[in-house]
Amino acid sequence: MIDIHPQKKALKMWINMSLGELEDPKGITRDVSKTGHWGNGHYELQISSDEDLEYILSLIKQSVKKNKK
């Protein structure tokens with residue numbers, strides 16, 4: 001679903017979906033499909049405030065729905 005790495009001033013998250021599967025019209029995620037990273041999935045985002053929290057939850061829900069067993 002997601003992997004979370006707490007940092008001093010933010011949370012870094014990786015959404016466990018392949019490139020092209022996530023609908024992110026705001027473009028707040030970063031493509032990490034060709035770079036080394038700690039989490040699973042091809043999308044990374046960093047949360048440093050609660051400004052887009054509802055939107056971020058909608059991205060997480062997409063991954064939960066897709067990866068549900």
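Trainee: What makes up the largest nonpolar core in this predicted model?

Mentor: Eleven residues make up the largest nonpolar core, namely M13, I15, M17, L22, Y43, L45, I47, Y55, I56, L59 and I60. A nonpolar core is a set of buried Ala, Val, Leu, Ile, Met, Phe, Trp, Tyr and Cys residues joined through side-chain atoms within 4.5 Å, where buried means under 20% relative accessible area with a 1.4 Å probe, protein chains only. At least two residues of this core come from each of β2 (11-15), β4 (43-47) and α1 (53-67), and α1 gives the most, with four.

Trainee: How do you know which residues and values count here?

Mentor: Residues are numbered from 1 along each chain, and local features need pLDDT of at least 70, side-chain atom pairs pLDDT 80 or more, while totals for chains, interfaces and linings use all residues. Side-chain values use heavy atoms, leaving out hydrogens and water.

Trainee: Why are β2 and β4 called paired?

Mentor: Two strands pair if DSSP finds at least two bridges between them; five bridges join the antiparallel β2 and β4, so the two strands are paired. Within β4, L45 stands opposite M13.

Trainee: Why is K26 said to lie over the face of Y55?

Mentor: A charge sits over a ring if NZ of Lys or CZ of Arg is within 6 Å of the ring centre and within 35 degrees of the ring normal; K26 lies over the face of Y55 at 4.8 Å from the ring centre, and therefore the distance is within that 6 Å limit.

Technical notes. Buried means under 20% relative accessible area, exposed over 50%, partly exposed in between (1.4 Å probe, protein chains only).
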